[in-house]
Amino acid sequence: MAKKQGATATRGAGKKNSGKKAQQQGQLAGAKRFVREVRAELGRVTWPNREQLQQSTAVVLIIVLVLTAYIAAWDFLFQSLARLIFL
């Protein structure tokens, strides 16, 4: 009975290695397919022109500045209240 178990383990090890190799090849093929699909998708993207990019950037910067001022005002208010209460 011990001989059969050893023989099975030896046969199974050969299958594991060939299965591992097939799995690696499958992963490589999957990665290649993914890259091809990403490149195809990027080709379908409508990229903004220079003017659109400048306008979007200006909008983002203005929003960031407005929100910064808003948060700074509330921070100053709460800081002043905390000083009045705790000092």
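Is E37 buried, partly exposed or exposed, and at what relative accessibility? E37 counts as partly exposed, at 41% relative accessibility, where buried means under 20% relative accessible area, exposed over 50% and partly exposed in between, with a 1.4 Å probe and protein chains only. The model is predicted: local features need pLDDT of at least 70 and side-chain atom pairs count only at pLDDT 80 or more, whereas totals for chains, interfaces and linings use all residues. Residues are numbered from 1 along each chain as its sequence is written, and side-chain values use heavy atoms, with hydrogens and water left out.

**Overall architecture**

- The chain contains two helices and zero strands; helices (H or I, at least four residues) and strands (E, at least two) are DSSP runs, numbered from the N terminus.
- Helix α1 spans residues 2-43, and helix α2 spans residues 50-86.
- Of the 87 residues in the chain, 0% are buried.

**Helix α2**

- With 37 residues, α2 reaches 53 Å from its first C-alpha to its last, close to the 54 Å expected at 1.5 Å a residue; the expected span is 1.5 Å times one less than the number of residues.
- At the start of α2, a side-chain oxygen of N49 comes to within 3.2 Å of the backbone nitrogen of E51. This is judged as a polar contact, a pair of N or O atoms within 3.5 Å; within protein, one must be able to donate a hydrogen and the other to accept it, and residues adjacent in sequence count only if both atoms are side-chain atoms.

- The whole structure holds two aromatic pairs; rings of Phe, Tyr and Trp (its six-membered ring) pair if their centres lie within 6.5 Å, with planes under 30 degrees apart counted as stacked, over 60 as edge-to-face and the rest as tilted.
- Y70 and W74 form an edge-to-face pair, 6.3 Å centre to centre with 70° between the planes. These two residues are separated by about one helical turn, because they are four residues apart in helix α2.
- The rings of W74 and F78 are stacked, because their centres are 5.7 Å apart and their planes lie at 25°.
- W74 and F78 are likewise four residues apart in helix α2, about one turn of the helix.
- Y70, W74 and F78 form one aromatic cluster; W74 is partly exposed at 40% relative accessible area, and F78 is exposed at 52%.

**Nonpolar surface patch**

- Y70, I71, W74, L77, F78, L81, L84, I85, F86 and L87 make a nonpolar surface patch of about 1200 Å². Patches are made of residues with over 30% relative accessible area and no salt bridge, like charges being joined within 9 Å and nonpolar side chains (Val, Leu, Ile, Met, Phe, Trp, Tyr) within 5 Å.
- F86 is exposed, with a relative accessible area of 68%.

**Salt bridges**

- The structure holds two salt bridges, each defined as a side-chain nitrogen of Lys or Arg within 4 Å of a carboxyl oxygen of Asp or Glu.
- E37 and R33 are joined by a salt bridge of 3.0 Å, N to O. They are four residues apart in helix α1, so about one helical turn separates them.
- R33 is exposed, at 51% relative accessibility.
- E41 and R44 form a salt bridge of 2.7 Å, N to O; E41 is partly exposed at 45% relative accessibility, and R44 is exposed at 58%.

How values were computed: Areas by Shrake-Rupley, 256 points an atom, 1.4 Å probe, with all protein chains shown as cover.
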